Amino acid sequence: MPIFQDQKGKNISNFQKMIDEKKNTIRKYYDEIGHLYYSQYKDVNVDSTKDINARCESISNLYIEIEDLNVKILRERGLKKCAVCSTENNLSNAFCFKCGARFDDNDAVPADVIAPPNASATPSRNQVKREIPATVSETVVADEVIDAADAANIDIAEEGKEE
Ligand SMILES: [Zn+2]
């Protein structure tokens with residue numbers, strides 16, 4: 001077996017292990033929610049709402065993390081899922097072969113890989129444009145913002161071509 005295939009397999013089993021751990025945590029939280037709800041049912045003086053909500057929020061976050069890991073597993077297998085119809089597509093597809101929906105992540109490279117490390121430190125053109133003195137009329141500001149957005153779109157398209 002080629003070395004890189006072996007590495008992919010390792011990555012996938014690591015992701016799978018993380019998913020299993022998160023699913024166990026979710027089960028634990030569901031269990032705790034059940035107990036908290038029951039204690040509230042048994043004694044009207046007990047209010048477990050805060051504790052129950054905190055666990056519900058944690059469960060929601062865990063589901064998001066699991067979904068991220070599933071995306072990573074698919075990527076290791078050279079696949080990505082259509083956000084519209086959930087069909088698995090090749091990573092290189094720009095459009096879903098089944099429903100035709102456009103993939104925003106064209107090459108499926110994570111955003112943090114594409115973005116330069118100092119991206120957040122540099123203010124975007126829109127932010128700069130918004131720093132217009134309050135005396136300027138609102139219509140002018142709106143036009144400026146639209147112009148900035150147009151300019152940004154053109155830049156994005158050109159960057160795409162260069163790659
Ligand atoms: Zn689709």
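I began with burial in the protein chain and found that buried residues make up 17% of its 163 residues, where buried means under 20% relative accessible area, exposed over 50% and partly exposed in between, with a 1.4 Å probe and protein chains only. I keep in mind that this is a predicted model, in which local features need pLDDT of at least 70 and side-chain atom pairs count only at pLDDT 80 or more, while totals for chains, interfaces and linings use all residues. I number residues from 1 along each chain as its sequence is written, and the side-chain values use heavy atoms, with hydrogens and water left out.

**Overall layout.** I looked up the secondary structure and noted five helices and two strands, which follow the pattern α-α-β-β-α-α-α along the sequence; helices (H or I, at least four residues) and strands (E, at least two) are DSSP runs, numbered from the N terminus. Of the contacts between residues at least 6 apart in sequence, 34% join residues at least 24 apart, contact meaning heavy atoms within 4.5 Å.

I then searched for salt bridges, each a side-chain nitrogen of Lys or Arg within 4 Å of a carboxyl oxygen of Asp or Glu, and the count came to two. In one of them Glu-65 pairs with Lys-22, the closest N and O atoms being 2.6 Å apart; Glu-65 lies in helix H2 and Lys-22 in helix H1, so the pair ties together parts that are 43 residues apart in sequence. Lys-22 is buried at 18% relative accessible area, whereas Glu-65 is partly exposed at 33%. Glu-32 and Arg-55 also meet in a salt bridge, at 2.5 Å from N to O, and because Glu-32 lies in helix H1 and Arg-55 in helix H2, this pair ties together parts that are 23 residues apart in sequence. I also checked Ala-54, which is in helix H2 (residues 49–76), and found its C-alpha atom 9.6 Å from that of Ile-33, at a sequence separation of 21 residues.

**The loop between E1 and E2.** I placed Thr-87 in the loop between strand E1 (79–81) and strand E2 (88–90), and at 14% relative accessibility Thr-87 counts as buried. Leaving aside neighbours within four places in sequence, Thr-87 is in contact with several residues, including Lys-80, Cys-82 and Cys-96. Ser-86 lies in the loop between E1 and E2 as well; its phi is near 70 degrees, a positive value in a residue other than glycine, and Ser-86 is partly exposed at 44%.

I found Cys-96 in the loop between E2 and helix H3 (111–114), buried at 4% relative accessibility. Leaving aside neighbours within four places in sequence, its contacts include Cys-82, Cys-85 and Phe-103. The charged end of Lys-80 sits over the ring of Phe-103, 4.1 Å from the ring centre, by the rule that NZ of Lys or CZ of Arg is within 6 Å of the ring centre and within 35 degrees of the ring normal.
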